[in-house]
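Subject: Structure handover

Hello,

Please find the structure below. My notes on the ligand and the pockets follow it.

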Amino acid sequence: MSFRERVAILLRGEYNSVRFRFLYLPIEWLTYLFLYRLRGKSWIEFYGWRMDEQIRRKGHVPPKQRYLDLAEIHAAFLRRHGLRTTDRVLDYGCGLMRTGLKLSATLTEGLYVGVDISAERIAQGRDLMRAAGVPEERYETHVVSDCRLEVLRGRQFDVVWANSVLTHMPAEDIQVMFRSIQNLLAPDGRYFFTFAEAGERKRKAIKDFWYPREEIERFSREAGFQIKFHEDWENSDVMCCATKLPGATAGAVAQ
Ligand SMILES: C[S@@+](CC[C@H](N)C(=O)[O-])C[C@H]1O[C@@H](n2cnc3c(N)ncnc32)[C@H](O)[C@@H]1O
(Lines give C-alpha, C1' and ligand atoms only; values in the text may rest on other atoms or scores of the structure.)
Protein backbone atom coordinates (compact mmCIF):
# COMPACT_ATOMS: atom_id res chain seq x y z
CA MET A 1 0.00 0.00 0.00
CA SER A 2 1.37 3.40 -0.96
CA PHE A 3 2.03 6.16 1.56
CA ARG A 4 -0.79 8.19 0.00
CA GLU A 5 -3.28 5.36 0.43
CA ARG A 6 -2.24 4.90 4.03
CA VAL A 7 -2.79 8.59 4.78
CA ALA A 8 -6.20 8.49 3.07
CA ILE A 9 -7.29 5.49 5.20
CA LEU A 10 -6.08 7.26 8.34
CA LEU A 11 -7.97 10.43 7.47
CA ARG A 12 -11.20 8.61 6.59
CA GLY A 13 -11.12 6.85 9.95
CA GLU A 14 -14.27 4.88 10.69
CA TYR A 15 -16.32 7.15 8.43
CA ASN A 16 -14.92 5.91 5.12
CA SER A 17 -15.01 9.46 3.76
CA VAL A 18 -12.66 12.36 4.39
CA ARG A 19 -15.25 14.85 3.15
CA PHE A 20 -17.94 13.50 5.47
CA ARG A 21 -15.60 13.38 8.46
CA PHE A 22 -14.02 16.81 8.10
CA LEU A 23 -16.73 18.83 6.32
CA TYR A 24 -20.30 17.51 6.50
CA LEU A 25 -20.10 16.08 10.01
CA PRO A 26 -18.64 19.25 11.61
CA ILE A 27 -21.32 21.30 9.78
CA GLU A 28 -24.01 19.04 11.26
CA TRP A 29 -22.60 19.38 14.77
CA LEU A 30 -22.30 23.17 14.43
CA THR A 31 -25.88 23.41 13.13
CA TYR A 32 -27.14 21.31 16.03
CA LEU A 33 -25.14 23.20 18.64
CA PHE A 34 -25.70 26.77 17.45
CA LEU A 35 -29.17 26.63 15.88
CA TYR A 36 -30.73 24.16 18.30
CA ARG A 37 -28.96 23.39 21.60
CA LEU A 38 -27.78 26.90 22.41
CA ARG A 39 -31.28 28.17 21.62
CA GLY A 40 -32.84 25.70 24.06
CA LYS A 41 -34.22 23.43 21.33
CA SER A 42 -34.19 19.66 21.68
CA TRP A 43 -32.41 16.86 19.84
CA ILE A 44 -35.82 15.77 18.50
CA GLU A 45 -36.47 19.20 16.98
CA PHE A 46 -33.09 19.05 15.25
CA TYR A 47 -33.45 15.46 14.11
CA GLY A 48 -37.03 15.94 12.91
CA TRP A 49 -35.90 18.94 10.84
CA ARG A 50 -32.97 16.91 9.49
CA MET A 51 -35.26 14.05 8.42
CA ASP A 52 -37.69 16.51 6.79
CA GLU A 53 -34.85 18.25 4.96
CA GLN A 54 -33.63 14.97 3.45
CA ILE A 55 -37.03 14.46 1.85
CA ARG A 56 -37.49 18.10 0.79
CA ARG A 57 -34.05 18.15 -0.83
CA LYS A 58 -34.75 14.98 -2.81
CA GLY A 59 -38.21 16.28 -3.73
CA HIS A 60 -40.34 13.33 -2.68
CA VAL A 61 -38.52 10.72 -4.73
CA PRO A 62 -40.38 7.41 -4.25
CA PRO A 63 -38.50 5.02 -1.94
CA LYS A 64 -36.85 1.97 -3.46
CA GLN A 65 -39.16 -1.04 -3.67
CA ARG A 66 -36.43 -3.15 -2.05
CA TYR A 67 -36.44 -0.85 1.00
CA LEU A 68 -40.22 -1.14 1.31
CA ASP A 69 -40.15 -4.91 0.83
CA LEU A 70 -37.62 -5.40 3.61
CA ALA A 71 -40.45 -4.57 6.02
CA GLU A 72 -41.93 -7.98 5.20
CA ILE A 73 -39.34 -9.19 7.74
CA HIS A 74 -41.05 -6.99 10.38
CA ALA A 75 -44.52 -8.26 9.50
CA ALA A 76 -43.38 -11.90 9.42
CA PHE A 77 -41.70 -11.47 12.81
CA LEU A 78 -44.87 -10.04 14.35
CA ARG A 79 -47.05 -12.72 12.79
CA ARG A 80 -44.68 -15.39 14.13
CA HIS A 81 -45.07 -13.82 17.55
CA GLY A 82 -48.84 -13.95 17.55
CA LEU A 83 -50.06 -10.74 15.89
CA ARG A 84 -53.88 -10.93 15.78
CA THR A 85 -56.17 -9.51 13.12
CA THR A 86 -57.84 -7.35 15.81
CA ASP A 87 -54.66 -5.90 17.35
CA ARG A 88 -54.20 -2.20 17.88
CA VAL A 89 -50.62 -1.57 16.77
CA LEU A 90 -48.56 1.52 17.53
CA ASP A 91 -45.54 1.95 15.24
CA TYR A 92 -43.25 4.33 17.10
CA GLY A 93 -40.89 6.10 14.66
CA CYS A 94 -42.89 4.69 11.74
CA GLY A 95 -41.03 6.65 9.04
CA LEU A 96 -42.57 5.88 5.64
CA MET A 97 -44.90 3.32 7.25
CA ARG A 98 -43.41 0.46 5.28
CA THR A 99 -44.22 -1.79 8.26
CA GLY A 100 -47.80 -0.52 8.28
CA LEU A 101 -48.09 -1.33 4.59
CA LYS A 102 -47.03 -4.92 5.20
CA LEU A 103 -49.22 -5.27 8.30
CA SER A 104 -52.35 -4.00 6.62
CA ALA A 105 -53.15 -7.45 5.19
CA THR A 106 -53.17 -8.94 8.72
CA LEU A 107 -54.82 -6.13 10.71
CA THR A 108 -58.16 -6.54 8.96
CA GLU A 109 -60.17 -5.67 12.09
CA GLY A 110 -57.47 -3.83 14.01
CA LEU A 111 -55.83 -0.47 13.76
CA TYR A 112 -52.37 0.74 12.81
CA VAL A 113 -51.15 3.99 14.37
CA GLY A 114 -47.93 5.52 13.07
CA VAL A 115 -46.06 8.17 15.03
CA ASP A 116 -42.96 10.02 13.87
CA ILE A 117 -41.07 13.27 14.44
CA SER A 118 -40.85 13.90 10.68
CA ALA A 119 -43.97 15.37 9.06
CA GLU A 120 -42.50 14.79 5.60
CA ARG A 121 -41.93 11.09 6.22
CA ILE A 122 -45.46 10.68 7.57
CA ALA A 123 -46.87 12.52 4.53
CA GLN A 124 -44.92 10.30 2.17
CA GLY A 125 -46.05 7.23 4.14
CA ARG A 126 -49.69 8.27 3.84
CA ASP A 127 -49.23 8.59 0.07
CA LEU A 128 -47.86 5.04 -0.02
CA MET A 129 -50.79 3.73 2.04
CA ARG A 130 -53.24 5.50 -0.27
CA ALA A 131 -51.51 4.15 -3.38
CA ALA A 132 -51.65 0.63 -1.92
CA GLY A 133 -55.39 1.02 -1.34
CA VAL A 134 -55.32 0.70 2.46
CA PRO A 135 -58.62 2.19 3.68
CA GLU A 136 -58.11 5.43 5.65
CA GLU A 137 -60.13 4.16 8.63
CA ARG A 138 -57.60 1.35 9.19
CA TYR A 139 -54.70 3.65 10.05
CA GLU A 140 -53.92 6.87 11.82
CA THR A 141 -50.79 9.01 11.98
CA HIS A 142 -49.37 11.62 14.33
CA VAL A 143 -46.38 13.91 14.07
CA VAL A 144 -44.82 14.43 17.51
CA SER A 145 -42.14 16.78 18.80
CA ASP A 146 -41.21 14.92 21.98
CA CYS A 147 -41.47 11.41 23.41
CA ARG A 148 -44.40 11.98 25.74
CA LEU A 149 -47.08 10.79 23.29
CA GLU A 150 -49.65 13.13 24.84
CA VAL A 151 -51.71 12.90 21.67
CA LEU A 152 -52.44 9.23 22.49
CA ARG A 153 -53.18 9.72 26.20
CA GLY A 154 -55.90 7.34 27.44
CA ARG A 155 -55.52 4.95 24.48
CA GLN A 156 -54.37 1.31 24.70
CA PHE A 157 -52.28 -0.74 22.30
CA ASP A 158 -51.80 -4.50 22.08
CA VAL A 159 -48.53 -4.24 20.19
CA VAL A 160 -46.02 -1.41 20.07
CA TRP A 161 -43.26 -1.62 17.48
CA ALA A 162 -40.12 0.52 17.22
CA ASN A 163 -37.66 -0.65 14.59
CA SER A 164 -34.38 1.25 14.21
CA VAL A 165 -35.59 4.16 16.31
CA LEU A 166 -33.65 3.86 19.59
CA THR A 167 -30.59 3.83 17.32
CA HIS A 168 -31.26 7.56 16.79
CA MET A 169 -32.24 8.51 20.31
CA PRO A 170 -30.21 9.85 23.23
CA ALA A 171 -30.65 8.03 26.55
CA GLU A 172 -32.85 10.72 28.17
CA ASP A 173 -35.36 10.46 25.31
CA ILE A 174 -35.41 6.66 25.47
CA GLN A 175 -36.26 6.83 29.15
CA VAL A 176 -39.18 9.21 28.54
CA MET A 177 -40.38 7.14 25.58
CA PHE A 178 -40.32 3.91 27.64
CA ARG A 179 -42.49 5.49 30.33
CA SER A 180 -44.92 6.91 27.76
CA ILE A 181 -45.30 3.53 26.13
CA GLN A 182 -45.73 1.74 29.47
CA ASN A 183 -48.76 3.98 30.03
CA LEU A 184 -50.22 3.13 26.60
CA LEU A 185 -49.64 -0.60 26.55
CA ALA A 186 -52.62 -2.90 27.24
CA PRO A 187 -52.11 -5.08 30.35
CA ASP A 188 -51.11 -8.08 28.22
CA GLY A 189 -49.57 -5.94 25.49
CA ARG A 190 -46.09 -6.34 24.06
CA TYR A 191 -43.58 -3.70 23.09
CA PHE A 192 -41.06 -4.87 20.47
CA PHE A 193 -38.08 -2.60 19.88
CA THR A 194 -34.59 -2.83 18.46
CA PHE A 195 -31.39 -1.18 19.60
CA ALA A 196 -27.76 -1.19 18.50
CA GLU A 197 -25.60 -2.92 21.09
CA ALA A 198 -22.08 -2.07 22.22
CA GLY A 199 -20.03 -2.79 25.33
CA GLU A 200 -20.33 0.86 26.33
CA ARG A 201 -22.40 3.83 25.21
CA LYS A 202 -21.23 5.11 21.84
CA ARG A 203 -22.34 7.85 19.44
CA LYS A 204 -21.22 8.22 15.85
CA ALA A 205 -22.00 10.52 12.94
CA ILE A 206 -24.08 12.69 15.32
CA LYS A 207 -27.22 10.54 14.90
CA ASP A 208 -26.25 6.94 15.62
CA PHE A 209 -26.34 5.67 19.19
CA TRP A 210 -25.21 2.36 20.72
CA TYR A 211 -26.07 1.11 24.19
CA PRO A 212 -24.96 -1.76 26.43
CA ARG A 213 -27.65 -4.39 26.92
CA GLU A 214 -27.59 -3.84 30.71
CA GLU A 215 -28.44 -0.19 30.25
CA ILE A 216 -31.47 -0.95 28.07
CA GLU A 217 -32.54 -3.50 30.68
CA ARG A 218 -32.23 -0.87 33.41
CA PHE A 219 -34.21 1.76 31.48
CA SER A 220 -36.91 -0.87 30.88
CA ARG A 221 -37.07 -1.89 34.54
CA GLU A 222 -37.23 1.73 35.68
CA ALA A 223 -40.20 2.27 33.36
CA GLY A 224 -42.03 -0.78 34.76
CA PHE A 225 -41.12 -3.33 32.06
CA GLN A 226 -39.49 -6.71 32.00
CA ILE A 227 -37.67 -7.52 28.78
CA LYS A 228 -36.76 -10.54 26.77
CA PHE A 229 -34.21 -10.66 23.93
CA HIS A 230 -35.26 -12.36 20.72
CA GLU A 231 -32.70 -14.45 18.89
CA ASP A 232 -34.90 -14.91 15.79
CA TRP A 233 -34.37 -11.36 14.50
CA GLU A 234 -32.47 -11.28 11.22
CA ASN A 235 -30.54 -8.05 11.70
CA SER A 236 -27.43 -6.76 13.42
CA ASP A 237 -29.56 -4.80 15.91
CA VAL A 238 -30.89 -6.54 19.02
CA MET A 239 -34.66 -7.22 19.12
CA CYS A 240 -36.34 -6.97 22.52
CA CYS A 241 -39.84 -7.57 23.77
CA ALA A 242 -40.95 -5.57 26.80
CA THR A 243 -44.02 -6.52 28.81
CA LYS A 244 -45.47 -4.86 31.87
CA LEU A 245 -43.91 -5.88 35.18
CA PRO A 246 -46.79 -7.17 37.33
CA GLY A 247 -48.14 -4.32 39.44
CA ALA A 248 -45.70 -1.74 38.06
CA THR A 249 -46.66 1.65 36.68
CA ALA A 250 -44.48 3.95 34.62
CA GLY A 251 -45.06 6.95 36.86
CA ALA A 252 -45.24 10.51 35.65
CA VAL A 253 -43.81 11.20 32.23
CA ALA A 254 -41.68 14.29 32.39
CA GLN A 255 -39.36 15.81 29.83
C1 LIG B 1 -34.30 4.42 10.59
S2 LIG B 1 -35.90 5.11 10.50
C3 LIG B 1 -36.91 3.67 10.75
C4 LIG B 1 -38.32 3.88 10.27
C5 LIG B 1 -39.26 2.68 10.48
N6 LIG B 1 -39.30 2.28 11.87
C7 LIG B 1 -38.88 1.55 9.59
O8 LIG B 1 -38.36 0.54 10.08
O9 LIG B 1 -39.11 1.67 8.39
C10 LIG B 1 -36.05 5.95 12.05
C11 LIG B 1 -37.33 6.74 12.17
O12 LIG B 1 -37.52 7.13 13.52
C13 LIG B 1 -37.95 8.46 13.57
N14 LIG B 1 -37.55 8.97 14.89
C15 LIG B 1 -36.32 9.25 15.35
N16 LIG B 1 -36.36 9.66 16.62
C17 LIG B 1 -37.66 9.62 17.00
C18 LIG B 1 -38.35 9.91 18.21
N19 LIG B 1 -37.70 10.34 19.30
N20 LIG B 1 -39.69 9.77 18.24
C21 LIG B 1 -40.38 9.31 17.15
N22 LIG B 1 -39.76 9.02 15.96
C23 LIG B 1 -38.43 9.16 15.89
C24 LIG B 1 -37.26 9.13 12.40
O25 LIG B 1 -37.87 10.32 11.98
C26 LIG B 1 -37.33 8.03 11.35
O27 LIG B 1 -38.49 8.11 10.59
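**Pockets and ligand**

The lining of the largest pocket divides into 16 nonpolar, 8 polar and 8 charged residues. Here Ala, Val, Leu, Ile, Met, Phe, Trp, Tyr, Cys and Pro count as nonpolar, Asp, Glu, Lys and Arg as charged, and the others, Gly among them, as polar. This is a predicted model, in which local features need pLDDT of at least 70 and side-chain atom pairs count only at pLDDT 80 or more, while totals for chains, interfaces and linings use all residues. Residues are numbered from 1 along each chain as its sequence is written, and side-chain values use heavy atoms, with hydrogens and water left out.

A pocket is an open set of points on a 1 Å grid over the protein atoms alone, where a 1.4 Å probe fits, with protein on both sides within 12 Å along at least five of seven lines; lining residues have an atom within 4 Å of a point. Helix 3 gives the largest share of the largest pocket's lining, 6 residues; helices are DSSP runs (H or I, at least four residues), numbered from the N terminus.

The ligand sits in the largest pocket, meaning that more than half of its atoms lie within 2 Å of the pocket's grid points.

- A ligand nitrogen is 2.9 Å from a side-chain N or O atom of Tyr-92.
- A ligand nitrogen is 2.8 Å from a polar backbone atom of Gly-93.
- A ligand oxygen is 2.7 Å from a side-chain N or O atom of Arg-121.

Regards

Terms used. Polar contact = N/O pair within 3.5 Å; in protein donor to acceptor, adjacent residues only side chain to side chain. Helix = DSSP H or I, 4+ residues; strand = E, 2+ residues; numbered from the N terminus.
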